[in-house]
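Here is a friendly walk through one chain of a model. Have the viewer ready, and follow along from a helix to a barrel and then to a domain contact.

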Amino acid sequence: MSDLSVNIAGLTFKNPVTTASGTFGYGEEFREFFDPGELGGIFVKAVTGKNRDGNAYPRMAETPSGMLNSVGLQNKGIDHFCREIYPKIKDFDTRVIVNVSGSTIEEYVEVAERINELENIPSIELNISCPNVKLGGMAFGTVPAMATEVTAAVRKVYKKVLMVKLSPNVTSITELAKAVADGGADAITLINTLLGMAIDAERRRPVLSTITGGLSGPAIKPVALRMVWQVHKAVNLPIVGLGGIMNATDAIEFILAGASVIQVGTANFIDPMVSVNIVRGIEDYMKRHNVGAITELVGALRTD
Amino acid sequence: MEIKKFVQDLRVVQNIRLNKRHFILELQSPEKFPLILPGQFVQVLVSNSPSTFLRRPFSIHSVDYANNSLRLLVQIKGEGTLHLSKLHDGDSLNVIYPLGNSFSLPATRDVLLVGGGAGVAPLLFMAKLLNQDHIHPTILLGFRTKEEVSEIEEYSKYGTVLVTTDDGSAGEKGLVTDHPVLKGERPAFRKIYCCGPEPMMKAVAKIATMHQIECEVSLENTMACGFGVCLCCITPTDKGNERVCVEGPVFNVNRLNWGQEEK
């Protein structure tokens, strides 16, 4: 029997397969397809201090092996989350982790403090990497001093497992990883979307209402793998890896590069069953390669 | 736990070419269909090309419960639909269905169905449902040219069919909104169901609003998932930004802020 369980800063996951924030709603929609309890965890849609309507339509452009989005953190705010959403998801038989976003350090702190009170949410993922909001968002994730500051501010009030999600839109990902480690992060999630744009040549206009947006899907997988590998070598913190994972082989690649947990993101849009199938595919891989525990594979990439 | 939506490999049983740009795909399920309603749509996977990464949404044209088969009316627009146009009997297609809400039933017998281009797809399905309530709607269909006028005999089984073409080569010349039944001083309908290009739906909605006729439209916003999680297909409504794939695709025009834009 293969042991798929993993551990991040004392928090155990029954398997390393989780779903990326913004691609799984609050888990409710997927209950029509399968039981979220089959997954290691779910990272639910970003929550901010106040209601956000998000950006104007069009918010999506299909691109080769990927897509651009500029949703802009549409959500109903922390009050609504605690009152309406939390009761519906608190009893899922899986780790439910909340992605926390804000425009100011105060907003990040406020939301983190509120979620700290929720008994069945064992961890938050600090989103300092959203490219689709005007204030805050990615700005916190591209300047190391700001990344340290916001992480440290949240660390003061947040007592459980603190993950920080990094932006790939930087010159040195290791510098940012070190910055959030200095701020007190327990784990690092990478990568968020790559800033990109799409143009409609016929109309001579951008496809997205916001002109630029975040690129996701298999198109970004090589960049994500490289960043997971670099951070794994440079920083002694567990990594949650994502970026274009479409199947179990992709997931294994991220684990070999150094990820303890992986997130399935854009693939959920194409196949709502994909994350469950990835769990099964990882089991098959372990049997084929005679791997007793998935943790043996974390960072096990051979470069000799 | 209730499982309401399916991700299934459906078998292509017919691919019927209507004209240069349009074709009908008939797909059969190995299992018994759930209840499917007019206005609902499917998400079709077009695999093996990097440029057709996401699924393609199509409105359901008709459902045959006896055969567990459904039909899609598809317009060739790009690489994905071109690939679908080349499928043969026996080919397999991965489909998520049924998705979205549906047209509501009318509280009147004076019903008009208006469609343009491939937007006519859900109207045939709706016309059949109305017939079950012994309502025989007027069905106004807009096409580019005579060459594209298709399935009139099929629609005629369920109501009175009127046609417009852009060039006047069949039916009335002009857009659907140029047809006397809509252009007249007081259109003789109490309910309009409309699907087609957005400018057409807005023009129909304007006429409906002017004459206080209840009007539902089916939106075709671009989407990634089709089941409510990507939040890409939103449209502004009286309740804020709503998802076309879950709260829609059918909306009563009173709920959309189209009126304000025109004013």
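In α5 of chain B, the buried residues are B:M200, B:M201, B:A203, B:V204, B:A205 and B:A208; buried means that 20 or more other C-beta atoms, placed from the backbone, lie within 10 Å of a residue's own. Helices are DSSP runs of H or I with at least four residues, strands are runs of E with at least two, and both are numbered from the N terminus. After α5(B) comes B:Q212, with a positive phi near 55°.

This is a predicted model, where local features need pLDDT of at least 70 and side-chain atom pairs count only at pLDDT 80 or more, while totals for chains, interfaces and linings use all residues. Residues are numbered from 1 along each chain as its sequence is written, and chains are lettered from A and ligands numbered from 1 in the order in which they are written.

Now to the barrel. Six strands of chain B close it in the order β1-β2-β5-β4-β3-β6, paired antiparallel; strands pair if DSSP finds at least two bridges between them. Six bridges join β1(B) to β6(B), and B:D9 has B:N94 in β6(B) as its bridge partner.

| Domain of chain B | Residues |
|---|---|
| domain 1 | 6-99 |
| domain 2 | 111-218 |

These bounds come from an automatic or database domain assignment. The C-alpha centres of the two domains of chain B lie 24 Å apart.

Terms used. A residue is buried if 20 or more other C-beta atoms lie within 10 Å of its own, exposed if 12 or fewer, and partly exposed in between; C-beta atoms are placed from the backbone.
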